[in-house]
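Dear colleague,

I am handing over the structure below, and would ask you to keep it open while you read the notes that follow it.

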Amino acid sequence: MTLPALQNTSVLYRRILSQFPQDISLAFAYGSGVFKQNGTSQGQMGKNMLDFVFAVDDPVTWHTMNLMQNRKHYSVLKFLGPRKISRIQEEHGAGVYYNTLIPMDGRIMKYGVISTDSLIDDLLHWKTMYIAGRLHKPVKILVQGENGKMRAALVGNLKSAVTASFLMLPESFSEEDLLLQIAGLSYAGDFRMVIGEDRSKVANIVKENVQHFRILYNNILQECPQVVYKPQQGKLEVDKSPEGQFVQLMALPRTLQQRITRLVDPPGKNRDVEEILLQVAQDPDCGSVVQQVITLLKFIATLRHTGPNFCLLELQSLRYT
């Protein structure tokens with residue numbers, strides 16, 4: 001299955017992509033410079049930064065080529081060479097290396113580079129949920145290769161977002177409630193939402209992009225045996241029985257299951273994951289447990305990613321020709 005791509009990709013995006021090495025397995029644009037948010041005019045959108053992510057099979061080769069084509073995009077780290085840049089990408093933060101504040105075709109852009117393997121791992125297991133969380137929301141897919149594992153992981157990531165949201169919602173809820181829950185997953189535990197970002201950001205994203213969300217999630221909801229989906233009324237009913245919640249917990253990404261295990265299982269007992277999830281499924285506070293582990297996961301991931309990338313952002317001002 002291929003992720004739905006928005007039609008009529010504009011010349012702007014094609015022009016931007018043409019200025020980078022073409023060995024890209026997945027490229028997408030996201031954020032407020034690409035999708036309208038509630039309370040933002042088209043004129044304001046045109047002034048917002050364009051955000052891109054490029055997944056590449058071989059980061060060393062890609063950075064080698066990009067340093068030849070776009071050396072000015074890099075900070076002083078360019079002098080360390082492509083192998084060191086790739087090591088920084090893989091070993092620090094969330095596995096993404098960003099170049100930012102790049103003038104491009106009359107706009108300002110930033111782009112993150114992640115290895116295809118790291119992206120697939122995050123999509124399947126939510127190790128950091130950094131890029132996986134961005135892909136819970138509508139993005140403009142610009143390049144999508146023939147990698148079958150990548151395609152399956154992209155769809156699996158959407159299914160995981162639905163499953164986690166089901167566990168945190170009541171038995172009956174509206175379509176808007178579900179979309180707000182899904183869109184909010186990647187902001188849970190993000191301290192930037194408290195000290196810097198607009199705290200109504202999630203609602204602003206959803207209100208202006210309901211149709212885009214439906215394109216992503218309609219088939220998944222229609223085919224999911226755990227929910228009764230009534231699209232005409234915009235209502236959903238999910239199975240909140242212990243049996244139903246156990247099925248949902250067993251379908252969560254591995255990292256969430258492991259964190260639930262650490263949270264619930266007392267030291268020394270060493271019970272298996274299935275036994276612990278069965279216990280959680282019978283707990284009236286099952287949804288709160290899931291919310292807690294997602295918040296913790298995102299808090300840790302934000303700290304890991306923001307620290308190194310704050311330093312990289314500072315280094316962007318030290319570009320040399």
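Tyr 97 has Val 113 in β4 as its bridge partner, and the two strands concerned, β3 and β4 (residues 107-115), run antiparallel and are joined by 7 bridges; helices (H or I, at least four residues) and strands (E, at least two) are DSSP runs, numbered from the N terminus, and two strands pair if DSSP finds at least two bridges between them. Please bear in mind that this is a predicted model, in which local features need pLDDT of at least 70 and side-chain atom pairs count only at pLDDT 80 or more, while totals for chains, interfaces and linings use all residues. Residues are numbered from 1 along each chain as its sequence is written, and side-chain values use heavy atoms, with hydrogens and water left out.

The sheet to which these strands belong is open and has 5 strands in the order β3-β4-β2-β1-β5, with mixed pairing. Because β3 (96-104) and β5 stand at the edges with a single partner strand each, one side of each is left without a neighbour in the sheet. Helix α3 (residues 59-69) packs on the sheet and touches β2 (50-56), β3 and β4 (contact means heavy atoms within 4.5 Å); its direction makes about 150° with that of β4 (axes are lines fitted to C-alpha atoms, for helices over the stretch in contact, and angles run from 0 to 180 degrees between N-to-C directions).

Leaving aside neighbours within four places in sequence, the contacts of Lys 137 include Ala 183 and Ile 205.

Ala 183 is one of the buried residues of α8, and since 7 of the 10 residues of this helix (residues 175-184) are buried, α8 is largely enclosed by the rest of the structure.

Lastly, β7 and β8 form a hairpin with 4 residues between them, and Gly 234 in the turn has a positive phi of about 70°.

With best wishes

Conventions
Buried means under 20% relative accessible area, exposed over 50%, partly exposed in between (1.4 Å probe, protein chains only).
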